[in-house]
Amino acid sequence: MESRPLIAPSILSADFARLGEEVQAVAGPGETRADWVHVDVMDAHFVPNLTLGLPVVQSLRKATDLPLDCHLMIEDPDRWAIGYAEAGAYNVTVHVEAAKDPVRIAKDLRAAGAKAGLSIKPGTPLEDHLDTLKHYDTLLVMSVEPGFGGQSFIPEVLDKVRTARRLVDTGHLKVLVEIDGGINADTIEQAAEAGVDCFVAGSAVYGAEDPGKAVAALRDRAAHARH
Ligand SMILES: O=C(CO)[C@H](O)[C@H](O)COP(=O)(O)O
Ligand SMILES: [Fe+2]
């Protein structure tokens, strides 16, 4: 497990007209600094919503030093994922439900210098994808149905997180467990106890008066819940 909980604010809840400033709001000093910036790419096909794509990620790469964590909620990630790695994303996550050849995608992402992430929807069993997981660096467990920010955390996914934690630890896999959806000051403790390494939070960070302080508070809660 990561020694310190990682916090990845999702810009889905930021002001899209001021994205550069919004990212700077979580790039401050000390504990107010986010670990990653989570970028939700939606194509209105894999999910019923449309957000942003490669040109915005290319611009964000120039606007911040923070690692970009691109969550691709798109069809045909086999075709598109590599572009995000080439644009300088730190981690590129594809959905197991959308990928045709997820092992090939992971290899290509790593060859392009990015970490490879595998995401799984709340209703998809993890057990069906264990062989694939071995090829990845991160597992993004969705704790809402992908598509929209501001939804309520689905507590049933905690069992999947516990299973993932156990499999990663006992199998000595170098896979970081990430959770996405409905993470706030209340739900982060349960997720931390279940073994999450990295916490995505959109509305809980960008809906707060001071996004940097929200990052610090979330990390603090996660760290306490682990002990
Ligand atoms: O992938 C996502 C939705 O599909 C977002 O990352 C997620 O929902 C973040 O928003 P919030 O913390 O408000 O739930
Ligand atoms: Fe996301």
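**Reasoning about the ligand site and the core**

Mentor: In this predicted model, the shell around ligand 1 comprises nine nonpolar, twelve polar and two charged residues. The shell counts 23 residues, and the closest are Ser10, Pro146, Gly149, Gly202 and Ser203. Two or more residues come from each of β2, β3 (68-73), β8 (198-201) and α8 (203-206).

Trainee: What makes His38, Asp40, His71 and Asp180 one spot?

Mentor: UniProt lists these four under "binding site" in an unreviewed entry. They span 143 residues in sequence, yet no two of their C-alpha atoms are more than 10.5 Å apart, and therefore they gather at one spot.

Trainee: Why is histidine 38 called buried?

Mentor: A residue is buried if 20 or more other C-beta atoms lie within 10 Å of its own. Histidine 38 has 26 such atoms, so it is buried. This residue lies in strand β2 (residues 37-42). Its contacts beyond four places in sequence include Ala8, Pro9, Asp69, His71 and Val200.

Trainee: How do you know whether aspartate 40 is buried or exposed?

Mentor: The count for aspartate 40 is 24 other C-beta atoms within 10 Å.

Trainee: Which residues does the "active site" annotation cover, and what places them at one spot?

Mentor: The UniProt annotation, from an unreviewed entry, covers Asp40 and Asp180. They span 141 residues in sequence, but their C-alpha atoms are not more than 10.5 Å apart, so they gather at one spot.

Trainee: What makes aspartate 180 a buried residue?

Mentor: Aspartate 180 has 25 other C-beta atoms within 10 Å; because the cut-off is 20 or more, aspartate 180 is buried. It is placed in strand β7 and touches His71, Leu140, Met142, Ser143 and Val200, leaving out residues up to four places away in sequence.

Trainee: Why does glycine 181 count as buried?

Mentor: Glycine 181 has 26 C-beta neighbours inside 10 Å, and the cut-off is 20 or more, so this glycine counts as buried. It lies in the loop between β7 (176-180) and α7 (187-194). Glycine 181 is among the residues listed by UniProt for a further "binding site" in an unreviewed entry. Its contacts beyond four places in sequence are Met142, Ser143, Val144, Gln151 and Phe153.

Trainee: Why is serine 203 called partly exposed?

Mentor: A residue is exposed at 12 or fewer C-beta neighbours, buried at 20 or more, and partly exposed in between. Serine 203 has 17 inside 10 Å, so it is partly exposed. Serine 203 lies in helix α8 and, beyond four places in sequence, touches Ser13, Gly149 and Gly150.

Trainee: What makes strand β5 mostly covered?

Mentor: Five of the six residues in strand β5 (residues 115-120) are buried.

Trainee: How do you know that strand β4 pairs with β5?

Mentor: Pairing requires at least two bridges. Strand β4 (residues 91-95) and β5 are joined by five bridges, so they pair; they run parallel. Valine 94 stands opposite leucine 118 in β5.

Trainee: Which residues touch the most other members of the largest nonpolar core?

Mentor: Among the 70 residues of that core, they are Val92, Val141, Val161 and Phe199. Beyond four places in sequence, valine 141 touches residues including Ile120, Val157, Val161, Ala164, Val177 and Ile179.

Notes: Residues numbered from 1 in each chain as written. Chains lettered and ligands numbered in written order. Predicted model: local features only at pLDDT ≥ 70, side-chain atom pairs only at ≥ 80, totals over all residues. Core = buried A, V, L, I, M, F, W, Y, C linked by C-beta atoms within 7 Å. Contact = placed C-beta atoms within 7 Å. UniProt positions renumbered as here; feature names shortened; annotations may be inferred. Helix = DSSP H or I, 4+ residues; strand = E, 2+ residues; numbered from the N terminus. Near = placed C-beta within 6 Å. Nonpolar A, V, L, I, M, F, W, Y, C, P; charged D, E, K, R; others polar.
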